[in-house]
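Welcome! Take a moment to look over the model shown here, and keep it open while you read.

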Amino acid sequence: MSELNKDNNIINTQNTIQNNNINTNLNNDLNTSVIDNKVPKIILNKDKKQNLNNSNNSINNNNNNNNNINNNNINNNNINNNNNNINNINNNNINNNNNNNINNINNKNHIQYKEQIDTLDIYPIDYFKKTLSKCCHKDNEYIINDFDTIYRIIIDLKTLNNMQKNIILVRFHRISAYCLKNYKSISKYYTFSKLFIISCGILNPALLSINSDKDNKYYTLIYWSVWALQLSVSLITSYVSFYKWDRKYFLYNSYRSKINQEIWYYLELTGKYNINDEEETIINHDTRLNLFLERIESLFRKLKNSDLEIEVSEDEKKDDIKINYSNLNPTPAPDYNYPSRQIQNYENENEIN
């Protein structure tokens, strides 16, 4: 396009130059003869007329050439535009075909996924039985109390598919079993240590009060018994403060109750599961499943974080408190003697004067 425009400019300049030459020749040939103050007469020769005609013909030919060039440029532009339109249409068709193929693949995958979910089997109740021997737990066949009832209720929910039921059963069982096992082990140590410390706190003063007679044959036995009990109390107290059985006992007990309540709130659709934030949403177990899983995972995360915080020793906490207080600017203590010192300085100045 740029080369064609340059050619047009060159041809136009040549035409203007020729016209200027012709005009100058005409002006030169228009000789005027001033004779006796008469009007000048124009003398034109035949050759001059022929030159004028030739120049006009060349100008016309150049104009025709310019018109032809412009027409060719317009045709080329039209051809280029048509080619661009064809390319765009082809690209759009290719993109549409690719999108259609992707959608078809996604639909097939979704259909296959649904078929897999529909054919998925629910975990049998034997999967959740205790792995320990029955002699250790004769009262219940499962770790969680009333788990067989919860299992039957979840299986009978019609709004949930088999995959969702498996997720609820497995995740709830794992979290509840973790809380319950830790609670049972910690509760044994905590209960034994508390009972032992309380019993020794009562027995030691009583034994010391009756062991006042050194001539008694049981004096030495009672003396060393009290000494052993007191030493045991000191050791157990140190173990309790080191392992923090008292704090963990209340922590796991509270979260065990919360998780157990959460599954019943969900099954009953009460509490937060009965609140409809969006008016168009239907309240059922399917629409409230994400809320239940989010809440139970949040409880488990808080339990783990609290357990880690308990592991931090009190010495480290004290060091952190000291560091925080050292960074603060201490406020000066109030000077209650300032007015009396001012009065005394004023009296001394008067005496000097």
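The report below looks at one serine, the cysteines, the aromatic rings and the charges over rings.

## About the model

This is a predicted model, in which local features need pLDDT of at least 70, side-chain atom pairs count only at pLDDT 80 or more, and totals for chains, interfaces and linings use all residues. Residues are numbered from 1 along each chain as its sequence is written, and side-chain values use heavy atoms, with hydrogens and water left out.

## A serine in helix H4

Let's begin with Ser176, which belongs to helix H4 (residues 162–210). Helices here are DSSP runs of H or I with at least four residues, numbered from the N terminus.

Ser176 has a relative accessible area of 10%, so it is buried (buried means under 20% relative accessible area, exposed over 50%, partly exposed in between, using a 1.4 Å probe and protein chains only). Leaving aside residues up to four places away in sequence, Ser176 touches Ile144 and Ile259; a contact means heavy atoms within 4.5 Å.

## Cysteines

A disulfide is a covalent bond between the sulfur atoms of two cysteines. Here, the rule asks for a pair of cysteine sulfur atoms within 2.5 Å, and the count of disulfides comes to zero. As for burial, Cys179 is buried at a relative accessible area of 1%, and Cys200 is buried at 2%.

## Aromatic pairs

Now for the rings: the structure holds 19 aromatic pairs. Rings of Phe, Tyr and Trp (its six-membered ring) pair if their centres lie within 6.5 Å; planes under 30 degrees apart count as stacked, over 60 as edge-to-face and the rest as tilted. One of the pairs is Tyr190 with Phe250, which is edge-to-face because the planes stand at 70°, with the centres 5.9 Å apart. This pair links distant parts of the chain, 60 residues apart: Tyr190 is in helix H4 and Phe250 in helix H6 (residues 245–268). Tyr190 is buried, with a relative accessible area of 13%.

Tyr266 and Phe292 form a stacked pair, with 4.6 Å from centre to centre and 20° between the planes. Here too distant parts of the chain are linked, since Tyr266 in helix H6 and Phe292 in helix H7 (residues 289–311) are 26 residues apart. Tyr266 is buried at 0% relative accessibility, and Phe292 is buried at 1%. Elsewhere, ring pairs join Tyr123, Tyr127, Phe128, Phe147 and Tyr151 into a cluster.

## Charges over rings

Which residue lies over the face of Tyr183? Arg256 does, at 4.4 Å from the ring centre. The charged end of Lys258 sits over the ring of Tyr255, 4.8 Å from its centre. The rule requires NZ of Lys or CZ of Arg within 6 Å of the ring centre and within 35 degrees of the ring normal.

How values were computed
Helices (H or I, at least four residues) and strands (E, at least two) are DSSP runs, numbered from the N terminus.
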